[in-house]
Amino acid sequence: MFILDVLHKVNTFAEKSGIKIYVVGGFIRDLLLERSTNDIDFVVMGNSINFAKKLANKLKASFFLLNEKHSAARIIYKSKNADFQLDFSPCRGKKITDDLAKRDFTINAIAIPL
């Protein structure tokens with residue numbers, strides 16, 4: 001499964017960077033429902049823009065600033081098999097549970113550590 005390769009690359013980069021990262025929201029729903037998706041949202045315990053920029057460089061992917069005020073960034077990663085949209089935002093609070101409590105939909109208020 002190509003998505004697992006992408007998750008592995010993001011996780012390896014996060015571990016080497018000393019950054020804790022979580023997969024959040026709709027990707028988890030789709031995973032549980034066994035739906036295919038190429039859109040993954042992450043919460044970064046740290047500077048999400050810097051993390052996404054460095055990861056984009058490492059993956060030779062495209063980086064986009066989505067929202068400077070909220071420090072949201074997107075990477076478009078094109079593998080030989082599929083294109084992936086990876087969105088990164090910082091944790092809103094000291095813990096992931098703080099962030100999840102501020103999310104708008106129930107499905108967005110779930111996370112798993114990468």
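Which element gives the most to the lining of the largest pocket? I went looking, and β5 does, with four residues.

Ground rules first. I'm reading a predicted model, where local features need pLDDT of at least 70, side-chain atom pairs count only at pLDDT 80 or more, and totals for chains, interfaces and linings use all residues. Residues are numbered from 1 along each chain as its sequence is written, and side-chain values use heavy atoms, with hydrogens and water left out.

**Pocket.** I put its volume at about 370 Å³. A pocket here is an open set of points on a 1 Å grid over the protein atoms alone, where a 1.4 Å probe fits, with protein on both sides within 12 Å along at least five of seven lines; lining residues have an atom within 4 Å of a point. The volume is the space filled by probe spheres set on the points, which are joined across faces, edges and corners. Of the 16 lining residues, I found Phe42, Ala72, Ser89, Arg92 and Arg103 closest to the centre.

I then traced β3 (residues 62–67) and β4 (residues 72–78), which pair in the antiparallel sense over five bridges. Strands are DSSP runs of E, at least two residues, and helices runs of H or I, at least four, numbered from the N terminus; pairing takes at least two DSSP bridges. Four residues sit between the two strands, and Ser71 in the turn has a positive phi of about 55°. Leu65 stands opposite Ala73 in β4.

**Contacts.** Last, I checked Ile75: leaving out residues up to four places away in sequence, its contacts (heavy atoms within 4.5 Å) include Ala52, Leu55, Phe84 and Phe88.
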